[in-house]
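Morning, everyone. I have one structure to go through today, and I will keep it short. Please have a look at it before I start.

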Amino acid sequence: MIIFGLEGTAWNLSAALVDKSGVIYEKSATYVPAKGGIHPREASQHHAEHMAKVVGDVLGKAREQDLKMDGIAFSQGPGLGPCLRTVATAARVLSLRYKIPLIGVNHCVAHIEVGKWQSGARDPAVIYVSGANSQVLALRKGHYRIFGETLDISVGNAIDKFARNIGLPHPGGPKVEELARQAKNYIPLPYTVKGMDLSFSGLSTAATEAAKKHDLADVCYSLQETAFAMLVEVTERAMAHAEKKEAMLVGGVGANKRLGEMLNTMCEERGAKFFLPPRKFMGDNGSMIAYTGLVMLRSGTSTPLAESKVRPGYRTDDVAVTWA
Ligand code: AMP
Ligand code: MG
């Protein structure tokens, strides 16, 4: 079975062809805001402009290798409304053109599924941290249950906001990680875990304030240590509660080495195993949508045209995991 997948919930327009043994081909076009953060309409215009090239390239590959596609998977949500509509429109056209099923994929579930596929984790507690989401989840009775999540902004957004405030270009995550390596001191910053939920907004603001008085590397380091310790605490409690012996890190912020290191230490201390998918599957990518479309279609799940409306607020725990 070969599935064409299309991702474009936010900054990355990405199309891919996948079968069960791996990624056949992937092509992406990245939106980089001229200044500030992601602007939904500008991002969707970017996707519309690059759609023909990105999709055409991948279809060209399929033709070249004489591959027969079995389905068109697309990120149905959550994400930015205008971006989602651009992607869904293209996906509908392809499904009609090739007369193959449409598969509406939940973007968060796709991060989890591609992570399991690529890291070999079987039944992990999942730490999903990206530009838009921060959730700790685990599969229970056919759904990815959310054990803890952010009450305000995601950890990625908190770091990016801080970075913008101190004059670094978007996305600031990688640059903050680099600066943090030169730190010498830890500066106390607000640590906010409420029950199993997290809050990063105050932390981002406090770090911005601290940067006016302290060494920048020290602030970057302290921001990371504080935010990541919060995530590790919630993950450890979720693992204990759901009796999971594995943990897996996914989403763009998962590229951060320090976060992986801290989660790995926690897992070692409780005799659990930590899984980290390869870097290129961490941020948003077309392959994750194609692969999730594949497992969905194989289990008999597809999306009739009439139900292909975009879902900007699509919740991870709304998805019936029919393929588990
Ligand atoms: P996603 O939404 O999953 O594509 O992830 C994008 C987010 O990942 C942005 O907030 C980036 O700043 C963040 N990110 C990427 N690389 C790193 C890194 N090395 N450390 C921290 N955050 C990162
Ligand atoms: Mg994402």
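This is a predicted model: local features need pLDDT of at least 70, side-chain atom pairs count only at pLDDT 80 or more; totals for chains, interfaces and linings use all residues.

Ligand 1 to begin with. There are 17 residues around ligand 1, and the ones that come nearest are Trp11, Asp160, Glu177, Gly252 and Asn256. Sorted by class, this shell holds nine polar, five nonpolar and three charged residues.

Now the polar contacts. Asp160 uses its side chain: a polar atom there is 2.6 Å from an oxygen atom of ligand 1. With Gly131 the backbone is involved, as one of its polar backbone atoms sits 3.1 Å from a ligand 1 oxygen. As for how covered the ligand is, ligand 1 exposes 500 Å² when taken alone, and the protein buries 91% of that.

Where do the shell residues come from? Two elements give two or more residues to the shell around ligand 1: α4, residues 155-165, and α5, residues 173-180. The largest share, three residues, is from α5. In terms of domains, domain 1 (3-111 + 281-318) and domain 2 (121-278) each supply at least three residues to the shell around ligand 1.

Next, helix α9, residues 286-298. What span should its 13 residues have? At 1.5 Å a residue, the figure is 18 Å, and the end C-alpha atoms of α9 are 18 Å apart, so the two agree.

Buried here means under 20% relative accessible area.

Val23 and Met288 are 265 residues apart in sequence, yet their C-alpha atoms are 9.4 Å apart in space. Val23 has a relative accessible area of 32%, so it counts as partly exposed.

Last, Gly56, located in helix α1, residues 40-64. Gly56 is also partly exposed, because its relative accessibility is 32%. How far is Gly56 from Pro190? They are 134 residues apart in sequence, and 48 Å apart in space, C-alpha to C-alpha.

That is what I have.

Technical notes: Residues are numbered from 1 along each chain as its sequence is written. Chains are lettered from A and ligands numbered from 1 in the order in which they are written. Side-chain values use heavy atoms; hydrogens and water are left out. A residue is near a molecule or strand if one of its heavy atoms lies within 4 Å of it. A polar contact is a pair of N or O atoms within 3.5 Å; within protein, one must be able to donate a hydrogen and the other to accept it, and residues adjacent in sequence count only if both atoms are side-chain atoms. Accessible areas come from the Shrake-Rupley method with a 1.4 Å probe; for residues, only the protein chains shown count as cover. Helices (H or I, at least four residues) and strands (E, at least two) are DSSP runs, numbered from the N terminus. Ala, Val, Leu, Ile, Met, Phe, Trp, Tyr, Cys and Pro count as nonpolar, Asp, Glu, Lys and Arg as charged, and the others, Gly among them, as polar. Domain bounds come from an automatic or database domain assignment. The expected span of a helix is 1.5 Å times one less than its number of residues. Buried means under 20% relative accessible area, exposed over 50%, partly exposed in between (1.4 Å probe, protein chains only).
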